[in-house]
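Open the model in your viewer and keep the selection panel at hand. The stops below are meant to be taken in order.

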Amino acid sequence: MSSAEVPKSAFWTTRRRDRLAGYLFVAPQVAGIVVFVLVPLVLIFYYSLYDWNVLAGTFTFTGMSNYRDLVADPRLPSVLRTTAFFCGGLVLLNMALALFLAVLLNQRLHGTAVFRTIFFSPVVVSLVAWTIVWQFLLQDDGGINGALSAVGADGPNWLRGDVTALVSVIVLQVIKNVGLNMVLFLAALQGVPAQLYEAARLDGASAWTRFRRITVPMISPTILLASIITVVGSLQIFAQIAVLTQGGPGTSTTVLVYYLYQQAFQFHDFGYGATLSVLLFLIVLVLTVIQWQTRRRWVEYER
Amino acid sequence: MSVRAKTALYGLLCLMAVPFVFPTWWMVTSSVKPVSEILSWPPSPVPTTFSLDGYREVFEIQPFAQQYFNSAYIALVVTVGTMAVSALAGYAFARIRFPGANPLFLFVLTGLLIPSEVTIVPLFQMFNTWGMIDTHWPLILVPILGAPSVLATFIMRQFFLALPDELEEAGRLDGLGRFAIFWRIALPLARPALGAVAIFTFLHSWNLYLEPIVFLTTPANFTLPQALTQFVDAYGGPMWDVQLSAASMTAIPVLIVFVIAQRQFIEGLAHTGLKG
């Protein structure tokens, strides 16, 4: 510390002023998390103990009754299965395709910038607009089936079949967002020293071995971060379902967030909505803890 | 790389590009076709008959200009607000030593794990108590201060961690206070990270769908994603030409923001410590 620095008063030393600045700087964010995350989080546990129909105006303490309903809910197994299938499919497909595209476009090749822009471009299209376009393409007499019939195949009515509707939502979501992970992976790939590949090539390692033994370990921290963001993001999917299938046919595309929305805001059952929120929170928590715990096994090094 | 391998690679890339390009291309070209041509097969790559009826009707069916303005100003306020909140917090967590900084940072990070979908029911009730239902306050306050801004704070912190100490030392010797050091030295250097935060935040706000349909009830207050789904005929069937015209128009601001901030975005990602 330089001797030229003289505190303005005995109490407000430079050190104290600096600390105060620290608290003031983080205050808006910390206060926001308290008011808009912590308080509502406590409230979902509280509300879940009440029978609360906002339309009827009932608000009565019923203890664990909502949780008993949850366990007995005949639709819940299907909703959870759909959510699991949806997240699993989306994350695997997204990560695999993003990595594949990033490695392809990391080659020294003319025109990679154009292809990067192309694969990134759906990210820029507004989500509901994108969904509306696919809704048209996936109709029974829409563009996809038109293209299939042109090559002599007969496509199903995509959005009306249990499995095809779910697969459609996954695929259109992957195409929409894979560009984000691709850019993350590309940035990571640029940081891998070229000498590693040269050395491996001299040792006669195949392209696949180089990918497995150099590329994946070197960018594994990015893969971990991208996978956490993608998993949490896939649990949040709502607009695509609401616009495209309204959870149907039946409950075949009703994921947990959509079911929660239906119960709370369409059937006005806030108590049960809060109980489903608790369930969603626990699922997010468990998934994140698992990912974090397994990181040592496959993340090569950390900052 | 051999010529054959190169050709195969280009072929593969072109083939894979189709589902990425075609929907957007089709959306924009169809928006200037009459309905009959939109529905015809095979689709014409460029419109044979040019019609702006869809674009005219968009504004007749709903207060679309108002809705457009709503989305634009909300996204702008949220973006600027998030940049301010996350830059301040990210800077303090990275560079200022104060007691409790680490626990507070971990506390803020929990926002990453708790998406706003989990808390939407109590949030609705809170805003209801405050008389803010059918206003834009929930769409502005929650993204700026709540869970959605945590990723931005994390990105800003990662960036500020990498700044060399000497830069700030120089400022301190010149007698600058903390805020002056932040504002005049650190922040100007953080432009790539701010660019990344700006794009992320703008896209997030622009695409918000669950929150608007939960919080807003009057069509004049609607935002674009919500408005897009309202273009249906008397039988509930979608009016394709109108929907596609409206959808095309929603892509424009995002495109502008992206073109402006693209370089900063890519650089920002490379500098945020997300790099392997």
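The tour goes from the core to a helix pair and then to annotated spans.

This is a predicted model, in which local features need pLDDT of at least 70, side-chain atom pairs count only at pLDDT 80 or more, and totals for chains, interfaces and linings use all residues. Residues are numbered from 1 along each chain as its sequence is written, chains are lettered from A in the order in which they are written, and side-chain values use heavy atoms, without hydrogens and water.

Select A:Phe119, A:Phe185, A:Phe265 and B:Phe160: these have the most contacts inside the largest nonpolar core, which has 185 residues. Such a core is a set of buried Ala, Val, Leu, Ile, Met, Phe, Trp, Tyr and Cys residues joined through side-chain atoms within 4.5 Å; buried is under 20% relative accessible area (1.4 Å probe, protein chains only). Helix H7 of chain A (residues 162-189) gives the largest share, 14 residues. Helices are DSSP runs of H or I, at least four residues.

Next, centre on A:Phe185. Beyond its neighbours within four places in sequence, its contacts (heavy atoms within 4.5 Å) include A:Met95, A:Leu99, A:Ile219 and A:Ala226.

Move to H12 (residues 256-266) and H13 (residues 270-293) of chain A, whose axes, lines fitted to C-alpha atoms over the stretch in contact, come within 7 Å and cross at roughly 160°. H12(A) and H13(A) are therefore roughly antiparallel, a term for angles over 145 degrees. Among the contacting residues are A:Tyr259 of H12(A) and A:Leu276 of H13(A).

Finally, select residues 72-93 and 242-261 of chain B, two of the spans that an unreviewed UniProt entry lists as "transmembrane region"; such annotations may be inferred rather than shown by experiment. Residues 72-93 are 100% helix, with end C-alpha atoms 31 Å apart. Residues 242-261 are also 100% helix, and there the end C-alpha atoms are 30 Å apart.

How values were computed: Buried means under 20% relative accessible area, exposed over 50%, partly exposed in between (1.4 Å probe, protein chains only). Helices (H or I, at least four residues) and strands (E, at least two) are DSSP runs, numbered from the N terminus. Axes are lines fitted to C-alpha atoms, for helices over the stretch in contact, and angles run from 0 to 180 degrees between N-to-C directions. Angles under 35 degrees count as roughly parallel, over 145 as roughly antiparallel, 65 to 115 as roughly perpendicular and the rest as oblique.
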